[in-house]
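I'm opening my notebook on a new protein chain.

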Amino acid sequence: MITLRHGGPRPTWGFVIVSVPRGNFRAVAHDVKSDRMTDSEGGPDLTEDGPGDSTPERATEGGRPLVVAENVNKHFGELHVLKDINLTVNFGEVVVVIGPSGGGKSTLCRSINRLEPIDSGKILLDGKELPKEGKELAKLRADVGMVFQSFNLFAHKTILDNVTLGPIKVRKQGKQESEKHAMELLDRVGIANQAQKYPAQLSGGQQQRAAIARSLAMRPKVMLFDEPTSALDPEMVNEVLDVMTGLAREGMTMIVVTHEMGFARRAAQKVVFMADGQIVEENTPNEFFTNARTDRAKDFLSKILTH
């Protein structure tokens, strides 16, 4: 299991990239738009059970753990932001991390690829403990893709160049091979016709889809999303959630920090509720949203469903 904490100022972003099995997003990315639910910060609520309450089956390599956190602690000065966090994410599993702001969610996400160093405990990726620095850490980050809330595309490079940069520089792929794969990924996220444009020429939703394609280009083992829709205008949120839903159903291992409860209910296999730097509750989406076990989770959900 992975145990982590959170709750302090966020550090500067790192450049991380991911990948996903080949497939057709458009055939499956369809069911978030009509029943998205958000927290009390605004947006429509999902108060009725829907078809997404049953989580799709995924191949998980026999349930073999991919990401494991054990007794993880993290401080920002005197602030204890991750408190003895334990969590296990299996191959092919989609885990959605939710909870109030300042509860440790983003710090947990960033700790999994060492954008945030931890103070104690350990985190393992595919059975190997995360290295602290150097070439081994760089190699690990190529296997752990991350999508940030603020896109972090290189403004002076085209969308195609943004997507091919990692494979060329880190994976040492040839330019032709990288561009072919990049165009396939851009097509999968629905923006192949934007390949020669610069980030400033795209909408926020298009930029975030480009960031997802950039991460996928590295063919990572796991993909981390740190509130990927929080910086988007409301009408752009669904196009990003559609892509993420497609990734989830194709079997990509994903850890998603989000306020999008509709996505959590439909795409996740496990919901992790964090508050005050601790994992308060873990459960299936259906059980969590209909029968939360802890008073803290019940209070959180009551505020979401009544505002």
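**Ground rules.** This is a predicted model, in which local features need pLDDT of at least 70 and side-chain atom pairs count only at pLDDT 80 or more, while totals for chains, interfaces and linings use all residues. Residues are numbered from 1 along each chain as its sequence is written, and side-chain values use heavy atoms, with hydrogens and water left out.

**Whole chain.** I looked up the secondary structure and got 9 helices and 11 strands. Both are DSSP runs numbered from the N terminus: helices are H or I with at least four residues, strands are E with at least two. Of the 307 residues, 58% count as buried (under 20% relative accessible area, with exposed over 50% and partly exposed in between, using a 1.4 Å probe and protein chains only).

**Core.** Which residues touch the most other members of the largest nonpolar core? I found Ile98, Ile212, Met223, Phe225, Met244 and Met254, out of 51 residues in that core. Helix α6 (residues 234-250) gives the most to this core, with 8 residues. A nonpolar core here is a set of buried Ala, Val, Leu, Ile, Met, Phe, Trp, Tyr and Cys residues joined through side-chain atoms within 4.5 Å. I then checked Met244: leaving out residues up to four places away in sequence, Met244 touches Ile212, Phe225, Pro228, Met254, Val256 and Phe263 (contact means heavy atoms within 4.5 Å). There's also a second, separate core of 32 residues, including Ile85 and Leu224.

**α5 with α6.** The axes are 8 Å apart and the angle is about 20°. Axes are lines fitted to C-alpha atoms, for helices over the stretch in contact, and angles run from 0 to 180 degrees between N-to-C directions. So α5 and α6 are roughly parallel to each other (under 35 degrees; over 145 is roughly antiparallel, 65 to 115 roughly perpendicular and the rest oblique). On the α5 side I noted residues including Ile212 and Leu216, and on the α6 side Val240 and Met244 among them.

**α3 with α5.** Helix α3 (residues 159-169) and helix α5 (residues 204-216) come within 7 Å by their axes and cross at roughly 25°. These two are therefore roughly parallel as well. Ile159, Asn162 and Val163 in α3 meet Ala210, Ala213 and Arg214 in α5.
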